[in-house]
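Below are some notes on the structure, written for someone reading it for the first time. Please keep the sequence and the 3D view open while going through the points.

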Amino acid sequence: MGTILVNDQFLDRENGSVDIEDRGYQFGDGVYEVVRVYGGNMFTAKEHLERLFESAEKIHLTLPFTYDELVARLEKLMEVNQLDTGIIYLQVTRGSSARQHHFPEQTKAVLTAYTKEVARPVADMTAGVKAIITDDVRWLRCDIKSLNLLGNLLAKQEAVSKGGFEAVLHRDGTVTEGSSSNVFIISGDTLYTHPATNLILNGITRREILKLCKEIGLSVAEQAFTLEALANADEVFMASTTAEVMPLVQLDETPVGNGKPGEWTQKLQAAFEEAVQKQCGSLAQTI
Ligand code: PMP
């Protein structure tokens, strides 16, 4: 998609460049968001953009735009790129200065954003996918949506190298989240997911799902669960902006239940589609 946003400028992608001393480039010193777009409309934009401001505050980064200015720029970016179903990626770095670890006094934060067509992963959502289980070796501020993603990347790479879609992370046997998603189990009529502490990113999809559980009559326990509980769960799924409600039907080499997406998971998928339709209008592809 040809046009990108750099601060308040709309440029052809070929004309965008990164300064070699941008702190995002050198240190991962910045924050980001990914917003889903369905039928040309942003889904849960407010939640995503508020989380961007919160992440920025947690790293003492002052964003050089207001919330309303940001929304207007992203709306225009979608429009000029004629985005229908896809994502907006946006990030803000602390800007450029001579390399030093402590924050420079005089830098101007740099906002960049682009759009990309991304279809809903309907086939995977219908059949379910495999995940692997691995150690959560990340830092202790996973609540910040920071550009520093090496711990997540190592886990995802391990998953992909083993034919998996996602890595389920655990700290000393307690499941935290996925490498780029939140993780949920269902045992009986209760859904369990790690509470929104410093050890996970409080996903916007996660928040939406917790609301939908009430609608469909599934009890919610925001309680950490063990690898043993994961192995014994009736249903397991992950959730994220791009993957939505994604059934996990195999963990390492073991099938979950009968190896098919569970009934509660399918009900949540249907409720999620309804929520999207309500906010964004009709969906191009459905499960
Ligand atoms: N946890 C991590 C580590 C993630 O990277 C993501 C996706 N950005 C999520 C959870 C899910 O968050 P969201 O639903 O807001 O996409």
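1. Two strands count as paired if DSSP finds at least two bridges between them. The model is predicted, and the points below should be read with that in mind.

2. The hairpin comes first. Strand β10 (residues 182-187) and strand β11 (residues 190-193) pair in the antiparallel sense, over 4 bridges. Between the strands of this hairpin there are 2 residues, and G188 has a positive phi near 65°. Within the pairing, F184 has T193 in β11 as its bridge partner.

3. β10 has another partner as well. With strand β13 (residues 235-240), β10 forms 5 bridges, and the two run antiparallel. Here I186 stands opposite E235 of β13. How many residues of β10 are buried? The count is 5 of its 6 residues, so the strand is mostly covered, where buried means under 20% relative accessible area.

4. Strands of a sheet pair through backbone hydrogen bonds, and the pairing is either parallel or antiparallel. An open sheet of 6 strands in this model pairs in the antiparallel way, in the order β2-β1-β6-β5-β3-β4.

5. Strand β3 (residues 30-38) is joined to strand β5 (residues 86-93) by 8 bridges, and the two run antiparallel. One of the pairs to look for is E33 with its bridge partner L90 in β5.

6. Next, the ligand. There are 18 residues around the ligand, and the closest are K145, E177, I204, T205 and T241. In the side chain of K145, an N or O atom is 2.5 Å from a nitrogen atom of the ligand. R51 places a polar side-chain atom 2.9 Å from a ligand oxygen atom. S181 takes part through its backbone: a polar backbone atom there is 3.5 Å from a nitrogen atom of the ligand. On its own the ligand has 390 Å² of accessible area, and the protein covers 92% of that.

7. Salt bridges deserve a separate look. Side chains of opposite charge can pair when their charged atoms come close. The whole structure contains 16 salt bridges. One of them joins the side chains of E253 and K130, at 3.0 Å from N to O. E253 is in the loop between β14 (244-251) and β15 (254-255), while K130 is in strand β7 (residues 129-135), so the pair ties together parts that are 123 residues apart in sequence. Is each side chain buried or exposed? E253 counts as exposed at 63% relative accessibility, whereas K130 is buried at 13%.

8. D136 and R138 meet through their side chains in a salt bridge of 2.9 Å, N to O, and both residues are buried. These two also belong to a network of salt bridges that links D136, R138, R171 and E177. E177 was already named among the residues closest to the ligand. The side chains of R141 and D143 form a salt bridge of 2.9 Å, N to O. R141 counts as partly exposed at 33% relative accessibility, and D143 is buried at 14%.

9. Y25 belongs to helix α1 (residues 23-27). With a relative accessible area of 60%, Y25 is exposed.

10. The last point concerns helix α8 (residues 263-280), which contains K267. This residue is partly exposed, with a relative accessible area of 43%. K267 and I216 are 51 residues apart in sequence, and their C-alpha atoms are 7.4 Å apart in space.

Key
Residues numbered from 1 in each chain as written. Predicted model: local features only at pLDDT ≥ 70, side-chain atom pairs only at ≥ 80, totals over all residues. Heavy atoms only, no water. Buried < 20%, exposed > 50% of the residue type's maximum accessible area, 1.4 Å probe, protein only. Near = heavy atom within 4 Å. Polar contact = N/O pair within 3.5 Å; in protein donor to acceptor, adjacent residues only side chain to side chain. Areas by Shrake-Rupley, 256 points an atom, 1.4 Å probe, with all protein chains shown as cover. Salt bridge = Lys/Arg side-chain N within 4 Å of Asp/Glu carboxyl O.
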